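Take a walk through this protein model with the structure open beside you.

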Amino acid sequence: MVASSFQADTVFKGANIITVDPNTPHAQALAMKDGKFVGVGSDSDIEGLIGPGTNIQDMRGKTIVPGFIDAHIHVLSSGTRHVMAADCDQRSIAEIQSALRERVDSASRGQWIQGFKFDDTKTQENRFLDKDDLDAVSDELPIMVSHRAGHVYYLNSVALELSGYHNESEDPAGGRLGRKPDTGELNGVLYERAAEPAQEMVPEVTAEVRRHGLKTICGMLTAAGLTSVHDARVSNLELNTYQEGHDNGDLSLRVYMLMGHPHFPALRDAGVKTGFGDDRLRIGGIKMVSDGAIAARTAYLSEPYVDSDDHGILTMTPEETETAVMEMHQAGFQVAIHANGDLAIDMVLNAYEKAQRENPRNDPRHRIEHCTLVNPDILSRMNKLGTVATPFCTYVYYHGEKMGFYGEDRLEWMFAQRSFIDSGVVSTGATDYPPGPFEPLMGIQSCVTRTDMNGKLWGASQRISVEEALRLYTQNGAYASFEEDIKGSIEVGKLADLVVLSHDITTVDPFAIIDIPIEQTVIGGRAVYEG
């Protein structure tokens, strides 16, 4: 299909184009002008759009798909942590201590030392850090390390004391203090909202670090084929950095910002609501957190974790949830609440149902972030409400060693892409990076094979086709941000966002999808990455 007979800026010919457009699922050529697709069809269909100034690229049979969309990922905050925190994604506690010591050696007096991406089940010791591990790094500077999943934090003795905690401290609402089993002494582990006092003590990230972080993370994500992201908890200062990056060209990605709940009153009072912005940077929903994490094993479950009596942690009460949802719903915002366990999801759905019943809105598209453990009743209620799910897509592949905490039977209802599709619930491609690796091809392979990196199959009933997985990462991601009319497929008039793959994702061995090289990422008709 061709828009009209004018000269395109760029034409790709001789390609295998998977458009994700049900009306024209495959094409051979496309044309782009002023950041949009102006022609999609055969090589001969596009000839009329070629002029003296057109950049013509012979793709030699390479595969082109729409730009990938990650509908739940921590973007700017991850970028800043890559700049200022120690990378604790190491395979032994000694290596983690070494990475933290490098930060200590260059730190000034009183400076907080931070680490991120610690993953207990991927260390040789296969255990959490404790304050003794971190005291061995420094007994003078405060240290705080976050689990890869977030939700669990590890402090040394100095940081514990600065946070106001001591051995007689009681568990705060929505949180838990870790203790040594033999003595009851605090062990330095803070769960969920128990970490808030420490987080408030950490100095604010500077504007310069945020700028550096934005450039860093944009480069990482575009190299993986991502063209649009839904940043899953944006602060007012991060909003400033995004706006600055938008103005000066540092923001190469398209960003749909899920604003942190503390900023809701100011946005509401300013007359802003979901959708404000443009196709590069847009205000999205309001983000809240109702329970714990899957990788950190704090999600709030109806049945306890395997070989345990622990059901996880609920971080909001039903009353808090209903009140907050009603206020945001009435103000015209999309609501996006993190809920992993089935009990947390049930609580969130109760609030969504009440808000819609008492104040009906046309197509609010409220979201459940992660929506990990479901059941037939949850699926039916989500379908009736039009609630969008953003499940973890890379977890089965990357976090397979943690799936045993849930058990094989329960995995048949977790990360339930097959059930979402069959129940008519719109679900997306999402990774929650840093908790899950951000590479879309890993997410697609994980959804298609449901097999971890060691070859173990988890939840076989939830496997989906490659074509279905592509829709999660394209059309459905666009739908989750009310942008399905402007992106998510390769169609005339839509934004010219695409990814060039070296091989056809629909014909390679499904277990080799993760290894397909990304050859080019194009956003708005401009190459932002070339491999």
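This is a predicted model. Start with two helices, α10 (residues 318-330) and α11. Their axes come within 9 Å and cross at roughly 40°. That makes α10 oblique to α11. The crossing is right-handed. Now look at who touches whom. From α10 come Pro318, Thr321, Glu322, Val325, Met326 and His329. From α11, the contact takes in Met347, Val348, Ala351, Tyr352, Lys354, Ala355, Gln356 and Glu358. By class, this contact holds eight nonpolar, three polar and three charged residues.

Stay on α11, which spans residues 342-358, and turn to α12, residues 376-385. How do these two helices meet? Their axes come within 11 Å and cross at roughly 30°. An angle under 35 degrees counts as roughly parallel, so α11 is roughly parallel to α12. This crossing is left-handed. On the α11 side, the contact uses Asp342, Ile345, Asp346, Leu349, Asn350, Tyr352, Glu353 and Gln356. On the α12 side, it uses Ile378, Arg381, Met382 and Leu385. Six of the contact residues are nonpolar, two are polar and four are charged. Note Tyr352 and Gln356: they are listed in the contact with α10 and again in the contact with α12.

Next, the interior. In soluble globular proteins, nonpolar side chains tend to be buried together. Here the largest nonpolar core has 74 residues. Tyr242 and Ile505 have the most contacts inside it. Which helix gives the most to this core? It is α11, with eight residues. Zoom in on Ile505. Leaving out residues up to four places away in sequence, Ile505 touches Ile18, Leu441, Ile444, Val466, Leu470, Ile513 and Ile516. There is also a second, separate core, with 39 residues. Tyr154, Ala299, Ile313 and Tyr406 are among them.

Finally, check the loops. Find the one between α15 (417-422) and α16 (440-449), where Pro434 lies. A cis peptide bond joins Tyr433 and Pro434, with omega at about 15°.

Two other loop residues have a positive phi without being glycine. One is His151, with a phi of about 70°. Look for His151 between β11 (143-147) and β12 (152-155). Is His151 buried or exposed? Its relative accessibility is 15%, so His151 counts as buried. The other is Arg365, with a phi of about 50°. This residue sits in the loop between α11 and β19 (367-370). At 7% relative accessibility, Arg365 counts as buried too.

Terms used
Residues are numbered from 1 along each chain as its sequence is written. This is a predicted model: local features need pLDDT of at least 70, side-chain atom pairs count only at pLDDT 80 or more; totals for chains, interfaces and linings use all residues. Side-chain values use heavy atoms; hydrogens and water are left out. Axes are lines fitted to C-alpha atoms, for helices over the stretch in contact, and angles run from 0 to 180 degrees between N-to-C directions. Helices (H or I, at least four residues) and strands (E, at least two) are DSSP runs, numbered from the N terminus. Angles under 35 degrees count as roughly parallel, over 145 as roughly antiparallel, 65 to 115 as roughly perpendicular and the rest as oblique. A crossing is left-handed if the near helix is turned anticlockwise from the far one by less than a right angle, and right-handed if clockwise. Contact means heavy atoms within 4.5 Å. Ala, Val, Leu, Ile, Met, Phe, Trp, Tyr, Cys and Pro count as nonpolar, Asp, Glu, Lys and Arg as charged, and the others, Gly among them, as polar. A nonpolar core is a set of buried Ala, Val, Leu, Ile, Met, Phe, Trp, Tyr and Cys residues joined through side-chain atoms within 4.5 Å. Buried means under 20% relative accessible area, exposed over 50%, partly exposed in between (1.4 Å probe, protein chains only).
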